[in-house]
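Here are a few friendly notes to read alongside the model. Keep the structure open and follow the points in order.

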Amino acid sequence: MRVFKNKWFNHWARREGIADFALFQAAEEIAAGKVEANLSGCLFKKRLPRTGAGKRGGYRVLVGYKRPNADRIIFLYAFAKSEKDTISDREEAALSIVADSFVSSSEEHVAELLEANLLWEVSSYE
């Protein structure tokens, strides 16, 4: 399984102090079917705990992957539960398009996105 984060998510995760290892663990849970919601198509919502706190007061992350084939998972967007309850219908529609596009992309296109620093691969190591 390869795990990625887009440019926006990479910036957000660094700002919030979320390590790649934590994202990779969340991706493993997602691949195992442990998600909070299937929003539409290839877009899923997953809880992510804050460092030193539980999932209840943590973050909500939106990821793209094609169930049950989780060869490739991408972290797209996140927000703190204290900031807002959910995303708007418009945000969901846009993120669903991005998720569908990413999971159906060729390996060559993914390599181009990595090379252009529009996408980062998440490491399973701390």
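1. Let's begin with Asn-117, which counts as partly exposed because its relative accessibility is 45% (buried means under 20% relative accessible area, exposed over 50%, partly exposed in between, with a 1.4 Å probe and protein chains only). You will find Asn-117 in the loop between α4 (107–115) and β6 (119–121). Its phi is near 55 degrees, a positive value in a residue other than glycine.

2. A word on the source: this is a predicted model, where local features need pLDDT of at least 70, side-chain atom pairs count only at pLDDT 80 or more, and totals for chains, interfaces and linings use all residues. Residues are numbered from 1 along each chain as its sequence is written, and side-chain values use heavy atoms, leaving out hydrogens and water.

3. Now trace the chain: the pattern along the sequence is β-α-α-β-β-β-β-α-α-β, giving 4 helices and 6 strands (DSSP runs, numbered from the N terminus: helices are H or I with at least four residues, strands E with at least two).

4. How do the dimensions look? The C-alpha trace spans about 40 × 35 × 25 Å along the principal axes of the protein. Of the 126 residues, 40% are buried.

5. Finally, consider contacts (heavy atoms within 4.5 Å). Among those in the protein with a separation of 6 or more, 56% come from residues 24 or more positions apart.
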